[in-house]
Amino acid sequence: MESGGIVLAGGLLIGLVYGAVGLLSGFCLLSGLRGWNGDGDGRLIRAYALALGVAIAGTQFLAASGFVEFSKTIYLQAAFSAPMIFLGGMLFGYGMVLANGCGSRALVLLGRGNLRSFVVIVVLGIVAQMVLKGLIAPPRIVLTQATQTAVPAVSLPALLSASGLGEAFARTLAATAVSVALFIFAFAHTSFRQSRGQIAAGLAVGFLVVAGWLVTGYLGADDFNPAPITSLTFVAPAADTVQYAMFSTGLSASFGVMLVAGVLAGSLVTALVTGRFQLEGYKSPQHMLRSIGGAALMGAGGAMAYGCSVGQGLTGLSTLSLASFIAVAGILIGSALGLRGALRVPALAS
């Protein structure tokens, strides 16, 4: 199989597995934060932490072994706009609460028959495309260029290396410290240790992030026809999928488009096999308006932050990128604003 075919097949397969795992486990950052802050059920957030720990350990191993050149990814650019990334993260986090789930969760629920998620994905994709390449792209580019700065160290290992540590030792130290801390946080909870399904979900999603890097950066690498090195992420791929659905004859499929298709198919098949498929819609016009607003904020914010709760929260952080830490801080703060305080998103009336 040629490199392009490997990338497309890999994206589809990874998406299929993610769709199945996401539906069976309920894997979702927002659900984890709600459970942890609301009723004290921390299993979902600890599954997320486990996935991140596995993703960091595996990704840093690939980097240390030279299998993947991570300096070519969007997460490790020599210059970035911290204000834009942070603001984008906040918009995404707050939009995630409004829409009652992130883009990846919406794809999983759409496969189960949730028609609200169809609206979320379409609006998210259109707005993200507008910010990335459409009407809103020029002001975004101007603001990004006006606020971006070149940094001597773009990742945590590079920061440690700049302080005098050897490059290999700095990478090992950073990856070990962060991964072990995440593993301790995950398994310190008795209920999580007894939840085999959540443990399996965390391990699976973490390995899927590593698999994405391997597919796009190693197995499918082609010097004569280079493709973006990426892994699990859903804002730009959702935008590309909406565009591909409309203009497929003039476009080529990509890893991201196949990933989105795979998540939908994996969730749908799993829902049909397990009897979980059920059509659902909106409860009221207010519900729909809130969903559309949240999707628009996620599309705009995800485009500004170069990723979502998965694209930056797992894939970006797996590179230990400093920009990803900024984006995730924004996502967490935006989510916190939506879950509590003066800007809290109230529950919809039944």
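**View 1. Helix 1 and helix 11 are roughly antiparallel to each other, as angles over 145 degrees count as such.** The axes of helix 1 (residues 3–25) and helix 11 (residues 196–219) come within 10 Å and cross at roughly 170°. Axes here are lines fitted to C-alpha atoms over the stretch in contact, with angles running from 0 to 180 degrees between N-to-C directions. Helices themselves are DSSP runs (H or I, at least four residues), numbered from the N terminus.

A word on the model before moving on. This is a predicted model, in which local features need pLDDT of at least 70 and side-chain atom pairs count only at pLDDT 80 or more, while totals for chains, interfaces and linings use all residues. Residues are numbered from 1 along each chain as its sequence is written, and side-chain values use heavy atoms, leaving out hydrogens and water.

**View 2. Helix 12 and helix 13 are roughly perpendicular to each other (65 to 115 degrees).** The axes of helix 12 (residues 235–247) and helix 13 come within 8 Å and cross at roughly 90°. Here Pro237, Ala238, Asp240, Thr241 and Tyr244 of helix 12 meet Gly256, Val257 and Val260 of helix 13.

**View 3. Arg112, Arg116 and Glu280 are linked in a network of salt bridges.** A salt bridge is a side-chain nitrogen of Lys or Arg within 4 Å of a carboxyl oxygen of Asp or Glu. Glu280 meets Arg112 at 2.8 Å, N to O. This pair links distant parts of the chain, 168 residues apart: Glu280 is in the loop between helix 13 and helix 14, and Arg112 in the loop between helix 5 (103–111) and helix 6 (115–132). Arg116 also forms a salt bridge with Glu280, with the closest N and O atoms 3.6 Å apart. Glu280 is partly exposed at 23% relative accessibility, and Arg112 is partly exposed at 22%.

**View 4. Ser324 is buried, with a relative accessible area of 0%.** Buried means under 20%, exposed over 50%, and partly exposed in between (1.4 Å probe, protein chains only). Ser324 lies in helix 16 (residues 322–339). Leaving aside neighbours within four places in sequence, Ser324 is in contact with Tyr75, Gln312, Gly316 and Leu317.

How values were computed: Helices (H or I, at least four residues) and strands (E, at least two) are DSSP runs, numbered from the N terminus. Angles under 35 degrees count as roughly parallel, over 145 as roughly antiparallel, 65 to 115 as roughly perpendicular and the rest as oblique. Contact means heavy atoms within 4.5 Å.
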